Structures are given as C-alpha cells and as structure tokens.
Amino acid sequence: MKIASYDIVFQDVPGEVTLSLNLSQCPNRCPGCHSPQLQDDIGYLLDDEMLDNLLESYGHDVTCVCFMGGDCEPEEVMRLADRVHAFGLKTAWYSGKQQLSEYFRFESIDYVKLGPYVATLGPLSSPETNQRMYRSDSGRLIDITDNFKRK
Ligand code: SF4
C-alpha cells in the first residue's frame with residue numbers, strides 16, 4: 001500500500017482534526033474520478049516506519065488519522081489503523097466500495113465512509129450524495145452523513 005501525499009484537514013471527519021493519508025493504487029474505477037492519479041502506482045510504501053514517522057511529526061497536532069483509499073489492501077488498512085490506535089488517535093477509512101470489506105474490524109476503525117464517487121451526485125457535503133459516513137460504535141455503524149451538510 002502506497003501513500004501519494006498527506007495533509008492536515010478539518011472537514012474529512014466531523015469533529016476531528018485529521019491527518020489524511022492519500023493512498024494510491026486505487027482499484028476502483030469511478031467514472032469522473034476526482035483524483036485519477038491515485039489509481040496509479042505512485043508514492044512511497046506506507047510501512048510501519050513511514051507511519052511512525054508521520055505520527056511522530058504530526059500526531060500531536062491531530063485527533064484522528066484517515067486512510068483515504070486503501071481498497072487494494074484492506075487488511076493492511078486494519079493493521080496500520082491498530083498502530084494509529086496504539087499511538088492514541090482515532091482512525092477513519094474512506095473506502096470507495098459500496099459494501100463494507102470483509103476485513104473491516106470495528107475495533108480498528110472509528111469512522112468509515114462507503115460508496116463510490118459519482119460526479120453527478122457529488123461528495124459527502126452534497127445534498128444528493130450517494131456516499132455515507134458512519135461512526136463505528138460498539139459493533140454498530142451509526143450514519144453521520146448529515147454532519148457534512150453545509151449549514
Ligand atoms: S475511489 Fe476515489 S480515487 Fe478511487 S477511482 Fe473512485 S474517485 Fe477515484
């Protein structure tokens with residue numbers, strides 16, 4: 001699993017200051033993809049050392065780490081998410097799949113976005129969006145998509 005870029009953002013996960021990790025090698029082929037470069041094999045291997053370096057550099061300034069992508073290796077997303085939890089931060093996963101991965105673990109992920117990107121429907125902040133954002137809560141998924149609606 002490779003990381004193409006990262007950023008500290010305020011809107012990817014409601015109520016959290018998030019270190020967003022933009023993962024490449026996306027296997028989804030959403031028509032009108034907003035970030036087609038992330039379908040390519042670009043960036044650097046996101047291994048334990050790379051993640052630990054990011055956490056040491058930015059982990060004290062955020063409350064959450066978001067894996068943007070990672071559908072090519074969902075097991076690895078879970079494993080690295082556990083490492084983020086061990087650091088003391090929450091975890092989020094933006095999957096482009098319609099269904100939850102069989103590898104998803106409630107104890108590893110605090111927030112999960114599901115649904116492919118459909119250009120005509122827009123992202124989570126769009127009133128017409130097909131995507132859903134959930135908060136993981138004791139083995140249940142609570143739909144919090146409405147928290148993205150622009151007030
Ligand atoms: S999941 Fe995201 S990066 Fe992957 S094809 Fe769809 S829009 Fe593009």
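Let me begin with a term: two residues are in contact if their C-beta atoms, placed from the backbone, lie within 7 Å. With that in mind, and remembering that what we have here is a predicted model, residues 24 or more positions apart account for 56% of the contacts in the protein with a separation of 6 or more.

The C-alpha atoms, taken along the principal axes, fill a box of roughly 40 × 35 × 30 Å. For 151 residues, a compact globule would have a radius of gyration near 15 Å, and the 14 Å of this protein agrees with that. As for burial, 35% of the 151 residues count as buried.

One residue I would like to look at is Pro74, which is found in helix 2, spanning residues 74-87. Pro74 counts as buried because it has 20 C-beta neighbours inside 10 Å, and a residue needs 20 or more to be called buried. Leaving aside neighbours within four places in sequence, Pro74 is in contact with Ser101 and Tyr103, while its C-alpha atom is separated by 8.6 Å from that of Glu102, which is 28 residues away along the chain.

Finally, the ligand, which is surrounded by Cys26, Asn28, Arg29, Cys30, Cys33, His34, Ser35, Leu38, Gln39, Gly96, Pro116 and Tyr117. Sorted by class, this shell has six nonpolar, five polar and one charged residues.

Notes. Residues are numbered from 1 along each chain as its sequence is written. This is a predicted model: local features need pLDDT of at least 70, side-chain atom pairs count only at pLDDT 80 or more; totals for chains, interfaces and linings use all residues. A residue is near a molecule or strand if its C-beta atom, placed from the backbone, lies within 6 Å of it. Ala, Val, Leu, Ile, Met, Phe, Trp, Tyr, Cys and Pro count as nonpolar, Asp, Glu, Lys and Arg as charged, and the others, Gly among them, as polar. The radius of gyration is taken over C-alpha atoms; the globule rule is 2.2 Å times the number of residues to the power 0.38. A residue is buried if 20 or more other C-beta atoms lie within 10 Å of its own, exposed if 12 or fewer, and partly exposed in between; C-beta atoms are placed from the backbone. Helices (H or I, at least four residues) and strands (E, at least two) are DSSP runs, numbered from the N terminus.
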